Amino acid sequence: MLPEVWAAIDREDWGEARERLEADPDLLASRAGQMAWGYVLAHTGDHAGAREVYGRLRQAHAGDPWEHIAVHQLGMVERLAGEHQAALRLFGEERALIGALPQTKQPFKRAVNGYKIVVCHLALGEGDQARAALEDALADAHTADDPMTLGCLHRARGELAAYGGDRGEARAAYQEAAIFFREAEDDRAAAEVEARAASLVG
């Protein structure tokens, strides 16, 4: 049932995702079910409900290697709620928790964390901070060799360039993001950044 829930989430069919979770009480009560439930709540505007879900998960996993995931999700909720300073504080907490994980696991997790930090700084109009975070995150993503994260980061590079008025750099970044998204088999994300690149021609 869980794969069907996430398939519905990927389609942004929040109603189906909610129905599938509610139809399976055992799944809903599990950690995996609660992760999905919080995601649905966050993306349908119930930020208070999502905070409660992920706060509870963080409390349950305080001090263990999984805690940073709950903190990451709490940061996502604040970002979706438009509370970007609060999100940055949580992503900072997550980064500290990642530092306690085995070294081999850190580059990928830091890259994902760094992407969220870039997005928050961009939302706050903090171009210099976004640029610094982006450079660090790109280095980690290349070390981790993760095409999905690289796609997200090059998309953010495009947004940063567009924010600074550099249409050529933005277009190149979006085109590079599309290559990585195709490699990650996310055709929807690839098409989206290709459309952004096309809109900057001329």
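Axes are taken here as lines fitted to C-alpha atoms, for helices over the stretch in contact, and angles run from 0 to 180 degrees between N-to-C directions. Two packed helices are described by the angle between their axes and the distance between the axes. The structure described below is a predicted model, and residues are numbered from 1 along each chain as its sequence is written.

On this basis, helix 8 and helix 10 pack with their axes 10 Å apart and at an angle of about 25°. Because angles under 35 degrees count as roughly parallel, helix 8 is roughly parallel to helix 10. The crossing of these two helices, helix 8 and helix 10, is left-handed. On the side of helix 8 the contact is made by Phe 108, Ala 111, Val 112, Tyr 115, Val 118 and Leu 122, and on the side of helix 10 by Thr 149, Cys 152, Leu 153, Arg 155, Ala 156, Glu 159 and Leu 160. Sorted by class, the residues in the contact of helix 8 with helix 10 are ten nonpolar, one polar and two charged.

Val 118, which is found in helix 8, counts as buried, because its relative accessibility is 0%. When neighbours within four places in sequence are left aside, Val 118 is in contact with Ala 130, Ala 133, Leu 134 and Ala 156, and Ala 156 is also among the residues of helix 10 that make the contact with helix 8. The C-alpha atoms of Val 118 and Asp 128, which are ten residues apart along the chain, are separated by 10.0 Å, while Val 118 and Arg 131, 13 residues apart in sequence, are 7.3 Å apart in space, C-alpha to C-alpha. Arg 131 itself has its place in helix 9, which spans residues 127–144, and Arg 131 is partly exposed, with a relative accessible area of 37%.

Asn 113 is likewise found in helix 8, which covers residues 106–123, and Asn 113 counts as buried at 0% relative accessibility. The side chain of Asn 113 is joined to that of Arg 95 by a polar contact of 2.6 Å.

By class, the contact of helix 10 with helix 11 has 13 nonpolar, three polar and six charged residues.

Within this pairing, Gly 151, which lies in helix 10, is buried, with a relative accessible area of 0%. Apart from neighbours within four places in sequence, Gly 151 is in contact with Ala 177, Phe 180 and Phe 181. Gly 151 and Tyr 174 are 23 residues apart in sequence, and their C-alpha atoms are 8.6 Å apart in space.

In another part of the chain, helix 2 and helix 4 (residues 31–43) pack at an angle of about 145°, with their axes 10 Å apart, and their crossing is left-handed. Helix 2 contributes Trp 14, Ala 17, Arg 18, Leu 21 and Glu 22 to the contact, and helix 4 contributes Gly 33, Ala 36, Trp 37, Tyr 39, Val 40, Leu 41 and His 43. By class, the contact of helix 2 with helix 4 has eight nonpolar, two polar and two charged residues.

Backbone angles in two loops complete the description. Most residues other than glycine have a negative phi. Glu 12, in the loop between helix 1 (2–10) and helix 2 (14–22), has a positive phi near 60°. Asp 145, in the loop between helix 9 and helix 10, is not a glycine either, yet has a positive phi of about 55°. Asp 145 counts as exposed, with 58% relative accessibility.

Notes:
Predicted model: local features only at pLDDT ≥ 70, side-chain atom pairs only at ≥ 80, totals over all residues. Heavy atoms only, no water. Nonpolar A, V, L, I, M, F, W, Y, C, P; charged D, E, K, R; others polar. Helix = DSSP H or I, 4+ residues; strand = E, 2+ residues; numbered from the N terminus. Buried < 20%, exposed > 50% of the residue type's maximum accessible area, 1.4 Å probe, protein only. Polar contact = N/O pair within 3.5 Å; in protein donor to acceptor, adjacent residues only side chain to side chain. Parallel < 35°, antiparallel > 145°, perpendicular 65-115°, else oblique. Left-handed = near helix turned anticlockwise from the far one by under 90°. Contact = heavy atoms within 4.5 Å.
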